[in-house]
Amino acid sequence: MKVEDILLYDQTIFKDITVFNPDYTPDKFDLRAPQMNSLALSIRPALKQGKPTNNLILGSCATGKTTTVRKIFSIIDSKYSGEVVCVYINCQLHSTKFDIFSQIHKKLFGHAPPETGVPFARVYNNIMNELYDTDRTLIVALDDINYLFNKNMISKVFYDILRAYESFEGVRTGIFAVLSDIEFRYVLDKNVGSIFNANEIVFKPYNYDEIFKILKERVSYGFFKEVITDDLIEEIALRTYERGDIRLGIDLLRISGNYAEADASKRILSEHVNKAVKQLDPISLNYIIKNMSYEEQRLLNYIAIFNEDNLTSGRIYKEYNRNKKIGYTTFNRLINKLEFLRLIDTKYTGSGVKGNSRFINLRFDRKHIRKCLKDTEVRS
């Protein structure tokens with residue numbers, strides 16, 4: 001088939017290909033109903049001119065944090081926009097104070113302020129005066145707030161949002177801080193920390209049954225009937241569970257469908273899934289490793305060097321500590337982070353100090369891990 005024929009080919013197995021897009025928000029989101037309810041309760045006071053509850057939203061990557069926030073914000077926008085203004089901001093894309101308040105300005109006025117020539121104070125005053133004049137509450141969701149840790153930008157942003165009432169009497173503001181980490185590791189200025197006082201909402205990783213249910217729903221919305229069998233969905237769900245990233249499963253469905261169409265097949269076959277897996281596996285691991293800290297990468301490299309299973313944490317610590325002197329508390333935190341990222345599995349041995357020694361096993365192939373680390377220029 002020629003390129004022109006591929007681009008114009010009008011027969012498809014996709015009923016709605018947008019269902020597999022990363023920014024797709026499903027109509028039903030039952031698996032995160034408790035978290036949705038918590039966010040709704042946090043917003044509820046704002047509907048009666050009260051102060052919303054700040055939230056710290058924690059969980060590993062691809063556990064539904066962003067989708068849940070976007071879902072609840074879309075409900076507020078459609079029904080209560082006269083009382084509450086909700087602004088979602090990806091801090092990976094907007095990591096300066098001016099950028100963040102430009103996004104708030106854009107939501108309020110329909111356009112962002114000029115990037116140059118306008119002082120921050122003017123943008124800030126415009127925002128707060130608009131909130132004061134319209135008597136609306138501002139709730140800002142700051143996603144991936146770890147990108148604000150540099151130069152303590154997080155304290156500066158939090159301060160300007162949360163303490164706005166000091167300069168603009170009666171203005172009500174709140175923050176939903178979203179973090180993909182095992183703990184909230186930053187130090188806010190005392191003046192900010194004392195008023196952030198956030199409710200903590202935790203998103204645990206999806207289990208296998210939940211992953212299968214999510215993928216099954218996407219299949220029903222995205223493909224025509226009988227395009228893919230339950231057996232293949234189960235295979236994709238298992239691979240997804242092993243990686244701990246629901247986005248991988250959704251991408252596997254989409255790419256498998258693309259391979260099926262390239263073969264002019266009306267059904268997705270095992271060979272199409274295998275091709276999709278080969279395409280995405282390196283990308284998935286590379287993405288995780290690229291976004292890890294240097295210390296996390298370095299420890300993972302040490303674990304990958306050992307060509308054996310059931311390594312004890314004590315042995316790894318001893319070897320790692322020969323060249324890199326760190327305390328055991330720091331080492332244990334790094335191990336917890338690697339497990340949190342689903343790069344390793346751990347199991348307590350019942351031995352060691354207070355029975356806290358653990359067996360450690362990699363979830364990915366050692367050679368594959370070391371290649372990705374080499375590409376990231378990590379050295380042992």
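Analyst: Helices (H or I, at least four residues) and strands (E, at least two residues) are DSSP runs, numbered from the N terminus. On that basis the protein chain has 15 helices and eight strands. This is a predicted model, in which local features need pLDDT of at least 70 and side-chain atom pairs count only at pLDDT 80 or more, while totals for chains, interfaces and linings use all residues. Residues are numbered from 1 along each chain as its sequence is written, and side-chain values use heavy atoms, with hydrogens and water left out.

Strand E1 covers residues 55-59, and five of its five residues are buried, so E1 is largely enclosed by the rest of the structure. Buried here means under 20% relative accessible area, exposed means over 50%, and partly exposed lies in between (1.4 Å probe, protein chains only). Both faces of E1 are covered: Leu56 and Leu58 are buried on one side, and Asn55, Ile57 and Gly59 are buried on the other.

E1 has pairing partners in E4 and E5, where pairing requires that DSSP find at least two bridges between two strands. With E4 (residues 173-179), E1 pairs in the parallel sense over four bridges, and Leu56 has Ala177 as its bridge partner there. With E5 (residues 199-203), the pairing is also parallel and runs over five bridges; in E5, Asn199 stands opposite Asn55.

Of the 380 residues of the protein chain, 44% count as buried. A contact means heavy atoms within 4.5 Å. Among contacts between residues at least 6 apart in sequence, 70% join residues at least 24 apart. The C-alpha atoms fill a box of roughly 60 × 60 × 40 Å, taken along the principal axes. The accessible surface of the chain comes to about 19900 Å², with 49% belonging to carbon and sulfur atoms; these areas come from the Shrake-Rupley method with a 1.4 Å probe, and for residues only the protein chains shown count as cover.

Phe109 is found in helix H4 (residues 97-109) and is partly exposed, with a relative accessible area of 31%. Not counting residues up to four places away in sequence, Phe109 touches Asn126, Ile127 and Glu130. The C-alpha atoms of Phe109 and Asn37, 72 residues apart along the chain, are separated by 29 Å.
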